[in-house]
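Me: I have a structure open on my screen and would like to talk it through with you. Could you take my questions one by one and show me how you reach each answer?

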Amino acid sequence: MVTGPEVAQQIFNQVESKDKTFVYMVTPWLGNGLVFSEGAIWKRNRKLLTPTFYYQSLINFVKIMNKSSDRMIEVINRDSNGKDPIEFVPLIHNMTLEVILNCICSKGSDLQLNIDTNSREMTYVEGLEKIRQGMEERFSSFFSMFDIIFYRKNVGKEFARGAKMTKQYIVSLIQEREENPREESDKSDYDMLDLLTRSRDEEGNGLTQKEIIDELNTFVFAGHDTTGAASSFVFYHLAKYPELQEKCREEVLSVMGGRDEIEWKDIAKFTYLTCFIKETMRLYPPVMFISKMLNKPFTIDGHKIPANVSLDISPSLIHKNAKHWPDPDKFDPSRFNGENIEKHHPYAFIPFSAGSRNCIGQNFAMSEIKIITAKLLKKFQVSLQDGYDIDITVKVILSPSDNLPLVFRPLW
Ligand code: HEM
């Protein structure tokens, strides 16, 4: 287990391969998508997918994030009486899933307010739920780790059905787009499907249909629970520290004035909010371990480690390493302000990993967390129930285990 940024830096800079011991479990769903692919395929596809997260694309995604945040506000207004707590985790989970599905294919799907249970999107959501249950089973029962046992169980059969359902949904989107292609003039509104179907490598070759399916499913896998978990911990801290919540709100009001819509140019101006989110991710990084596989012998501090050994880099232990983070349990957003940020070791804060295999969606995720936080802070005072203390669980990612009950009191 790697707990120091100095060693993590050496590994990130020299080891590209991942530990693929458990990858067979997700292959029926994610195939050879970016998170698990290796070598030349990974290199080519990473290059082809990178423009999906350039700011020109994010400008369009920011509009989608605004709309989904508005819908979440409506849900809170509908379901909360302003005094009793409501569970935050299911709300943010639906919101982040809605965002990523609408970024994949901008159809304006509504998974929060007026849910159309017969829509194709709901089939995708149903498939995703089967996959989630299957994965939970595999990580909680030793025998279910073996394919031969897992796929005989009902939960295993449903997992396979879920993987098929998510694929069919994306195939139907691709076919629909082929029949009704978008004009070049619509470029500013391109969604992920447009960007992936149009991307070309140096030889002029694009992604195959299977690659597009795997990559879009990978974006859903990597992009919504992680962002939902990070946002949940942000709201927990806002509720726990009312004075800091007020400081965030003041900044939001001064950046946005009377406007409700957050624009791309606003996002960089939320400087205190950014420090607040980063400090939250220091204490609660959604991804607990980053596993690397040594494909050749490696020397760390004079110690030789043979090839084919798996090394786990732990963001949560690095983030609490007292040598780099004095008083590490204290919540203090000023650690990330302009003058302090320079003092940190560059690998002491790694919620999005680091090196060539860092998170391709980190700007997307940070924009989404800032938008939902800023929009909710404009509308509500957030607080905890008396005596509440957070309880956390680690499944695939770190998240609050009790659905995080929060009180949302309307401000105006
Ligand atoms: C707060 C939210 C997020 C966190 C904490 C996070 C964290 C991470 C981490 C730690 C890795 C490295 C994993 C490993 O090496 O095993 C990673 C990779 C990745 N993430 Fe994220 N992520 C977030 C949001 C997103 C979003 C929104 C997307 C896409 C829409 C995304 C797509 C990916 C992809 C495709 C990779 C694989 C990159 C590669 O190997 O080239 N992530 N993420």
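Me: Are Phe380 and Phe408 buried or exposed?
Reply: Keep in mind that this is a predicted model. A residue counts as buried under 20% relative accessible area and as exposed over 50%. By that scale, Phe380 and Phe408 are both buried.

Me: How many aromatic pairs are there?
Reply: Rings of Phe, Tyr and Trp pair if their centres lie within 6.5 Å. With this rule, the count of aromatic pairs is 24.

Me: What is the geometry of the aromatic pair of Phe380 and Phe408?
Reply: The ring centres of Phe380 and Phe408 are 5.6 Å apart, and the planes make an angle of 80°. Planes over 60 degrees apart count as edge-to-face. The pair of Phe380 and Phe408 is therefore edge-to-face.

Me: How many residues apart in sequence are the parts that this pair ties together?
Reply: Phe380 belongs to strand E6, residues 380–384. Phe408 belongs to strand E9, residues 405–410. The pair therefore ties together parts whose separation in sequence is 28 residues.

Me: Which residues do ring pairs link into a cluster?
Reply: Here we look at rings joined through pairs. The cluster linked by such ring pairs consists of Phe53, Phe61, Phe219 and Phe364.

Me: How do helices H11 and H12 lie to each other, roughly parallel or roughly perpendicular?
Reply: Helix H11 covers residues 225–240 and helix H12 covers residues 242–256, with axes 5 Å apart. They pack at an angle of about 110°. Angles of 65 to 115 degrees count as roughly perpendicular. H11 and H12 are therefore roughly perpendicular.

Me: How do the residues of the contact of H11 with H12 divide into nonpolar, polar and charged?
Reply: H11 brings Leu238, Ala239 and Lys240 to the contact, and H12 brings Pro242, Gln245 and Cys248. Sorted by type, they come to four nonpolar, one polar and one charged.

Me: Which residues does Glu126 touch, not counting residues up to four places away in sequence?
Reply: Glu126 lies in helix H6, residues 120–140, and is partly exposed at 41% relative accessible area. Its C-alpha is separated by 8.7 Å from that of Thr166, 40 residues apart along the chain. With residues up to four places away left out, Glu126 touches Arg161 and Met165.

Me: Which residues is Arg200 in contact with, leaving aside its neighbours within four places in sequence?
Reply: Arg200 is in the loop between helix H9 (192–198) and helix H10 (209–223). With a relative accessible area of 48%, Arg200 is partly exposed. Contact means heavy atoms within 4.5 Å. By that rule the partners of Arg200 include Leu48, Asn205 and Gly206.

Me: What is the phi of Leu404?
Reply: Leu404 is in the loop between strand E8 (398–400) and E9, and counts as buried at 0% relative accessibility. Leu404 is a residue other than glycine, yet its phi is positive, near 50°.

Key. Residues numbered from 1 in each chain as written. Predicted model: local features only at pLDDT ≥ 70, side-chain atom pairs only at ≥ 80, totals over all residues. Heavy atoms only, no water. Phe/Tyr/Trp six-rings, centres within 6.5 Å; stacked < 30°, edge-to-face > 60°. Helix = DSSP H or I, 4+ residues; strand = E, 2+ residues; numbered from the N terminus. Buried < 20%, exposed > 50% of the residue type's maximum accessible area, 1.4 Å probe, protein only. Axes fitted to C-alpha atoms, helices over the stretch in contact; angles between N-to-C directions. Parallel < 35°, antiparallel > 145°, perpendicular 65-115°, else oblique. Nonpolar A, V, L, I, M, F, W, Y, C, P; charged D, E, K, R; others polar.
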